[in-house]
Amino acid sequence: MSAERKDVQFLNTPIEYLKGVGPEKATVLKNELQIFSFGDLIKHFPYRYVDRSQIHTTNDIGNSDTYIQLKGKIKNMVELGHGRAKRLSAVFYDDVGEVELVWFKGIQWIKKGIDANTTFLLYGKPTYFNHSYNIAHPELEIFNAAKNKYEQPFRALYNTTEKMKKKGLDSKAFQKLIANLLVNLKPEHIIDFIPKKYIEMYRMLSRYDAYVNIHQPKNNSLQHQAIKRLKFEELFITQINLVELKLIHQKEKGFIFEKIDNHFDNFYHHLLPFELTNAQKRVLKEIRKDMLSGKQMNRLLQGDVGSGKTIVALLCMLMAIDNNFQATLMAPTEILAQQHFQGIQELLQNTNINVQLLTGSTKSKEKKQILKAVNEGLVDLLIGTHALIEDTVQFKNLGIAIIDEQHRFGVEQRAKLYTKNTTAPHILVMTATPIPRTLAMTLYGDLDVSVIDELPPGRKPIKTIHKFESHRLELFGFMRDEIKKGRQIYIVYPLIQESEKLDLIDLQNGYEAICRAFPIPDYFVSVVHGKMKPADKDFEMQRFLKKETQIMVATTVIEVGVNVPNASVMIIENADRFGLSQLHQLRGRVGRGADQSYCILMTDFKLSQDAKKRIKTMCETNDGFKIAEVDLALRGPGNMEGTQQSGALQLSIANIATDGKILEEARKTAIAIYENDATLQHEDNKWLRYYLQAQKQKKNSWISVS
């Protein structure tokens, strides 16, 4: 295939061979932006564009606060001030008026480059100061009617770094490098791997035209078409890989759980402490169908805080035990693992099911006994932390593995559970962090998704209130009233010790202040944080669970899994320092009983716009999915909890928060291609097959677009 050769040869050309680069600049490009080749450079997309097609007059200054392009001459150049306050001032004038220009850097260089008789094109942003407008550090170029007529009217601006700028690689230099590359770029250098049928269906530009018009758009319409095509392409590659992975999963043989027998029936009819919600029943039916299919289950279970995922997980494990298989439940922290162990052990106390706990803190002698029993099949249900995926843990016949708060585990850690049998166990991953649909498609497109979208009946919505530091005494009064009613209170701090960089109330100071305001013997206070020994942490947790203490001062170690139905108040100090999903998780620690519960968000008066949005969202809704959508829009996909370690969101141009429609089209296309041609052997798919094979041979992430 000659086209492959040209593509590989041209795009893989080392960047130092591009006109205007050379060895020194190539080193900077490699170190700062990981640009090693022509193919890497063409994927360094602009972050915005400026429209240089319109030339305004000085009379237009003040009509908008955006950048403006003027044509005129410069006079009255003078240096003002001394030392650091030194600046260069000049007057720019055209046929109708004038405006002051100001420079604070490069003064001598600028003076040498300006001739009073020369007509310039000026581009800059006017600023109103001291009752008049000025333009600081404008872009200037000599006006040439013939040259400017044919130059690109839409100019791309590129992100660079300080080190690059010192080597002369600013945004303008990037424009020149891209221009030098595009002069030599030919259509045959760019493989259009999306089948022609879909390019025509969605009326997309060719891949070659998209690359040209994203860097040097001929007009506004072509610029938008180029961006859309490249976003589609990037999202399509994520989806084609996930769809392929899903097909592989579906071909994996899985254990068939035919029987619903004594353990499940006994628990469901006699030991279950409450009626399941319709959502829980629906999810159980979906899981049951997987377990009867003969294929390995790979399912994501989403459910908001308090929706009852753990009971669903337990019923799934009872299905496995009824069919003579073992089950395991892996949690990210010891506190959560212990919580699961205690809760499940209590629910199963009137059965003969052997439940064991294995964590990093399990003593050696006990650990050996547990490992031996697990290997011999004497342990029915093993609960634990990362300790479960150690090589020493060998099951006799593991039928199902459940991973709680799965976003806290890396992909490799989760994959180790697959290897615990020659036949992979059924996998159910759970999260109490609701995931927006677009993000779920990108992160977990290889999994089937079940959602528990209903809370148990009788739960009162948690009232969320925002209070400023000035309301501290009022807050103390409210806390005393709640304690008089027999309730308990959480107070969560973002830090354990003082930080010089962040002006936060730290846990230690907060604990001391609470002890002064709520003194013994009328009140008792627990304290829990991540640096405590597990035994000490457990001791404090038990005191709170047994109602021996009324207030628990803690860090975010209580974010997941802690279940104290009597706790009705969650106070979050410096709430503006927490992300939305974390605030929602913390709020979910209360509202677990029949009493009215409260979440109080404490902040200072100074709040950023994003912080105000987060606080407002928390006060307006308890819906985790709505909160997740806002969180995605505010933080972007790369910063959402757990997504960076998953390796699934290395997107360079698409945005999961705003490109949902494009993502759906890309996924629909990927599914259609694989449904019609699972091995990609059709002539229409040959370039896609070639592209995917080439990508798999690279060390780079499979999401990268070349």
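The legends below describe close-up views of strands and helices in a predicted model.

**View 1. Strand β9 and its antiparallel partner β1.** Strand β1, which spans residues 48–51, runs antiparallel to β9 and is joined to it by 4 bridges. Within this pairing, Arg48 has Leu157 of β9 as its bridge partner. Strand β9 covers residues 154–157, and both of its faces are covered: Phe154 and Ala156 lie buried on one side, while Arg155 and Leu157 lie buried on the other. In a regular strand, side chains alternate between the two faces of the sheet.

**View 2. The open sheet of 6 strands.** The strands of this open sheet follow the order β17-β22-β21-β18-β20-β19, and their pairing is parallel. At the edges stand β17 (463–468) and β19 (525–528), each of which pairs on one side only. Averaged over the sheet, and with direction ignored, neighbouring strands are turned by 20° against each other.

**View 3. The pairing of β21 with β22.** Strand β21, comprising residues 567–572, and strand β22, comprising residues 598–603, pair in the parallel sense over 4 bridges.

**View 4. Helix α22 across β17 and β22.** Helix α22, formed by residues 609–620, lies across β17 and β22, and runs at about 145° to β17.

Technical notes:
Residues are numbered from 1 along each chain as its sequence is written. This is a predicted model: local features need pLDDT of at least 70, side-chain atom pairs count only at pLDDT 80 or more; totals for chains, interfaces and linings use all residues. Side-chain values use heavy atoms; hydrogens and water are left out. Buried means under 20% relative accessible area, exposed over 50%, partly exposed in between (1.4 Å probe, protein chains only). Helices (H or I, at least four residues) and strands (E, at least two) are DSSP runs, numbered from the N terminus. Two strands pair if DSSP finds at least two bridges between them. Axes are lines fitted to C-alpha atoms, for helices over the stretch in contact, and angles run from 0 to 180 degrees between N-to-C directions. Contact means heavy atoms within 4.5 Å.
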